[in-house]
Amino acid sequence: TPTIQSSAVIISAIDTASITSSTATITWHTDIPSDSQIEYGDSENFGSLTTLSSTLTTTHSVTITHLIPNTNYIYRIKSKPVGATVSTISTNNEFNTLNHSIPVIAPANIISVSSNEVTSTGATINWTTDKSTTSQVEYGLGTNYGTASVESSTMQTSHSVTLTDLEPSTTYHFRVRSVDEVSSITFSEDYTFTTSAGTSPIHLPIAITNLIIGAEDATSV
């Protein structure tokens with residue numbers, strides 16, 4: 001997955017979430033809240049733009065409509081934060097529309113997300129979905145994440161993933177990822193938790209140790 005960096009926005013995790021014969025839903029992530037738009041066409045000349053979504057978010061999803069069946073499309077992402085006059089633009093990506101229509105199944109909705117049992121080195125992430133999906137958590141020190149838990153292929157509506165080997169006294173960003181029975185992907189918004197401080201070993205002062213040893217010697221005499 002390409003990651004494009006500029007002084008304004010970092011675009012990452014570009015994915016084709018779902019495709020039909022005439023539509024395609026593209027998802028991506030930005031490191032700061034930004035608007036959403038896709039430039040696309042059946043060649044590198046593009047020629048079409050989706051309606052600009054001015055909603056500022058870090059988790060983006062745009063559906064392209066009125067596509068031609070069985071056609072290869074090239075697209076690129078455009079996002080800019082508040083105050084910016086120029087959008088950050090991703091590299092070119094591609095998808096192919098289906099050659100015939102299939103029943104449309106709506107992706108799962110993520111209903112609730114929480115972090116529990118947070119310790120100095122671990123945390124348990126819980127969430128629910130309105131239909132059975134797989135379970136996975138992406139996490140890291142920033143909204144680029146960089147690490148993901150092993151995906152659980154068990155299809156269920158109640159999800160729980162335990163993260164381990166974390167650093168003490170550290171704030172982690174995370175989002176959950178659920179995939180339904182037709183491979184439609186749903187991402188949550190960005191969340192954070194902070195691990196607790198690690199427990200330091202207790203060392204007995206040398207002076208006190210010597211007093212104890214001296215007392216034992218005196219007793220033995």
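1. Helices (H or I, at least four residues) and strands (E, at least two) are DSSP runs, numbered from the N terminus. This note concerns a predicted model, in which local features need pLDDT of at least 70 and side-chain atom pairs count only at pLDDT 80 or more, while totals for chains, interfaces and linings use all residues. Residues are numbered from 1 along each chain as its sequence is written, and side-chain values use heavy atoms, with hydrogens and water left out.

2. The largest pocket holds about 320 Å³ of space. A pocket, on a 1 Å grid over the protein atoms alone, is an open set of points where a 1.4 Å probe fits, with protein on both sides within 12 Å along at least five of seven lines, and its lining residues have an atom within 4 Å of a point; grid points are joined across faces, edges and corners, and the volume is the space filled by probe spheres set on the points. Of the 18 residues in the lining, Ser-61, Ala-108, Ile-185, Thr-186 and Phe-187 are the closest to the centre of the pocket. Two or more lining residues come from each of β2 (10-19), β3 (24-41), β5 (53-64) and β14 (185-187), and β5 gives the most, with four residues.

3. By class, the lining of this largest pocket has seven nonpolar, 10 polar and one charged residues. Here Ala, Val, Leu, Ile, Met, Phe, Trp, Tyr, Cys and Pro count as nonpolar, Asp, Glu, Lys and Arg as charged, and the others, Gly among them, as polar.

4. The largest nonpolar core has 15 residues, and those with the most contacts inside it are Ile-26, Trp-28, Ile-38, Tyr-75, Ile-77 and Phe-95. Such a core is a set of buried Ala, Val, Leu, Ile, Met, Phe, Trp, Tyr and Cys residues joined through side-chain atoms within 4.5 Å, where buried means under 20% relative accessible area, exposed over 50%, and partly exposed in between (1.4 Å probe, protein chains only). At least two residues of this core are supplied by each of β2, β3, β5 and β6 (72-79), and the largest share, five residues, comes from β3. A second, separate core of 13 residues includes Val-113, Ala-123, Leu-163 and Val-176.

5. Where does Thr-195 lie? Thr-195 is found in the loop between β15 (191-194) and α1 (206-220), and it is buried, with a relative accessible area of 4%. Its side chain reaches the backbone oxygen of Glu-167 at 2.6 Å and the backbone nitrogen of Thr-170 at 2.9 Å. Beyond its neighbours within four places in sequence, Thr-195 is in contact (heavy atoms within 4.5 Å) with residues including Val-118, Leu-166, Ser-169 and Tyr-172.

6. Ser-169 is found in the loop between β12 (152-163) and β13 (171-179) and is exposed, with a relative accessible area of 51%. Its phi is near 50 degrees, a positive value in a residue other than glycine.

7. Asn-70, in the loop between β5 and β6, likewise is not a glycine and has a positive phi of about 55 degrees; at 57% relative accessibility, Asn-70 counts as exposed. The C-alpha atoms of Asn-70 and Asn-96 are separated by 6.4 Å, although the two residues are 26 residues apart along the chain. Asn-96 lies in strand β8 (residues 93-96) and is partly exposed, with a relative accessible area of 46%.

Conventions. A polar contact is a pair of N or O atoms within 3.5 Å; within protein, one must be able to donate a hydrogen and the other to accept it, and residues adjacent in sequence count only if both atoms are side-chain atoms.
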